[in-house]
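Please keep the sequence and the structure in view while reading.

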Amino acid sequence: MQDIRFEQATSFKQKPQDESKMGFGKLFTDYMFEMDYSVEKGWHDPRVVPYHNFSMDPATSVLHYGQEIFEGMKCYRRKDGGLQLFRPRDNFKRMNRSAERMAIPQFDEDVAMAGLEKLLEVEKDWVPHTQGATLYIRPTIIAMDAMLGVHAAHTYKFYIILSPSGAYYAGGLAPVDIYVEDKYVRAVRGGIGFAKTGGNYAASILAGMNAKHIGYAQVLWLDGVHQRYIEEVGAMNMMFVYEDRRIVTPVLNGSILPGITRDSVLKLGKHLGYETEEARMDIHDVIADIKAGRVTEAFGTGTAAVVSPVNKIRFQGEEIGIGDGGIGHITQQLYDVLTGIQFGKTEDPMGWVVHLK
C-alpha cells in the first residue's frame, strides 16, 4: 500500500469557541487529504496537506459534465475523549459503486481508509466535545480534464475535507412535515439515482424550495415512471412503522440511494426484535394505511439527521397526520440506540464501530 505523505501547515485557523453555533458545513479544518489519478500512473501521491483552494481551468470537465461523486460520514468523540467512526469502509465501498456508475476509476479502499485515519490523527482536536456535535467527513472525486467534450475524463482528484458541525437536533428530536412531489421526478431506474453524485441533489433543489415556500421541511419523491411508488425523502431514505411492530422501507430498485443508515436501521431493528421489510410501496396504499391507523410511525434515515421523525404528509392537496403527531416510540428507540452506538455510549452488537488511535 502507498505511504501517506504529510505536508506541514504554516498557519492555523481558530477552532470554534462556542460549539453550539457551528451549524453544518460552514467551518473547515486546517488539513485535507488528496490523491490524484492519471491514465499513466493510476491513483497516486496520497497525501495530507494544508486545506487549500483548487486552481481549475474554466474548461475543467467536472464543471460542465458533472462527472463527480462524494460521500458523507462522521467522526464521533466518546465520553472518555476517544474518537471513533461508524461503518467507514461501507462508505468507501459505496463510493466505489458510485464511481463505477459515473465511469470514474476505482480507488483502493485501504489507501482511502489509511488517508482518512492519518487526516483524523492530525485533526483530532477539531472533533467537537459537545453532546451530539460531530466532525463531518466529505470524501469527493472530481474529473479534472481541462477540455470540452462529453466523455470520461483521463485525470481525477480524490480529496477528503472535514467540517466540525453542531448537533442536528440541538433542541431535541423534532418531527417534520413532508410534501409528496407528484410533478417533478428525481431519478429513474437505470439512471444515476443509486449513485451519490451531485446531479441527484441538483435535480431535487427546485422541488425542495417549492415545498419550503408552503411550509414543508422535506420532499417525498415518487418513482420516475408511474409517479406512485415511494422512493426517498429529501436526502434520506424513508421508513414506515406498521402496527407498532413492523418497519417497512421502499425496496432498492436502482433509483434509490442505498443508505448506510438505512441498512443500519433495518439490521438494528431486527436485532431489537422488530420485523423489517423492503417492499414496493404505492403512495395511495400507504396513505390509506395511515388513515386507517395501520401506519403508526414514519421517519427518514440519513447520515446528518440519523433518524428524522415525520408527523404529517401532504399529498395532492390533503394533509394527513401520522400517529399522534409526536415521535413514535420505535423511532425514538432506534435513534437512541443508533446514536448511542455512534458516540460509544451503547454496546455495538454489530461490530460497526472503528476506534481511532
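## Helix 2

In helix 2, the buried residues are Pro-88, Asn-91, Phe-92, Arg-94, Met-95, Asn-96, Ser-98 and Ala-99; buried means under 20% relative accessible area, exposed means over 50%, and partly exposed lies in between (1.4 Å probe, protein chains only). Helices (H or I, at least four residues) and strands (E, at least two) are DSSP runs, numbered from the N terminus. The model is predicted, so local features need pLDDT of at least 70 and side-chain atom pairs count only at pLDDT 80 or more, while totals for chains, interfaces and linings use all residues. Residues are numbered from 1 along each chain as its sequence is written, and side-chain values use heavy atoms, with hydrogens and water left out.

The 14 residues of helix 2 should span 20 Å at 1.5 Å a residue, and its end C-alpha atoms are 20 Å apart, which agrees. The expected span is 1.5 Å times one less than the number of residues. Asn-96 lies in helix 2, which covers residues 88–101, and has a relative accessible area of 5%, so it is buried. Leaving aside residues up to four places away in sequence, Asn-96 touches Gln-106, Phe-107 and Glu-109, where contact means heavy atoms within 4.5 Å.

## Helix 2 against helix 3

Two packed helices are described by the angle between their axes and the distance between the axes. Axes are lines fitted to C-alpha atoms, for helices over the stretch in contact, and angles run from 0 to 180 degrees between N-to-C directions. The axes of helix 2 and helix 3 (residues 109–122) cross at roughly 130° and come within 10 Å. Helix 2 and helix 3 are therefore oblique to each other; angles under 35 degrees count as roughly parallel, over 145 as roughly antiparallel, 65 to 115 as roughly perpendicular and the rest as oblique.

Helix 2 contributes Pro-88, Arg-89, Phe-92, Lys-93 and Asn-96 to the contact, and helix 3 contributes Glu-109, Asp-110, Ala-112, Met-113 and Leu-116. By class, this contact of helix 2 with helix 3 has five nonpolar, one polar and four charged residues. Ala, Val, Leu, Ile, Met, Phe, Trp, Tyr, Cys and Pro count as nonpolar, Asp, Glu, Lys and Arg as charged, and the others, Gly among them, as polar.

## Helix 6 against helix 8

Helix 6 (residues 260–271) packs with helix 8 (residues 329–342) at an angle of about 110°, their axes being 11 Å apart. Helix 6 and helix 8 are therefore roughly perpendicular to each other. The contact involves Thr-261, Ser-264, Val-265, Leu-268 and Gly-269 of helix 6, together with Leu-334, Val-337, Leu-338 and Ile-341 of helix 8. The residues of this contact of helix 6 with helix 8 comprise six nonpolar, three polar and no charged.

## Positive phi values

Most residues other than glycine have a negative phi. Arg-87, although not a glycine, has a positive phi of about 55°. Arg-87 lies in the loop between strand 6 (83–86) and helix 2, and is buried, with a relative accessible area of 7%.

Gln-227 also has a positive phi, near 50°, and is placed in the loop between strand 10 (218–222) and strand 11 (230–233). With a relative accessible area of 27%, Gln-227 is partly exposed. Ala-103, which follows helix 2, has a positive phi near 60°.
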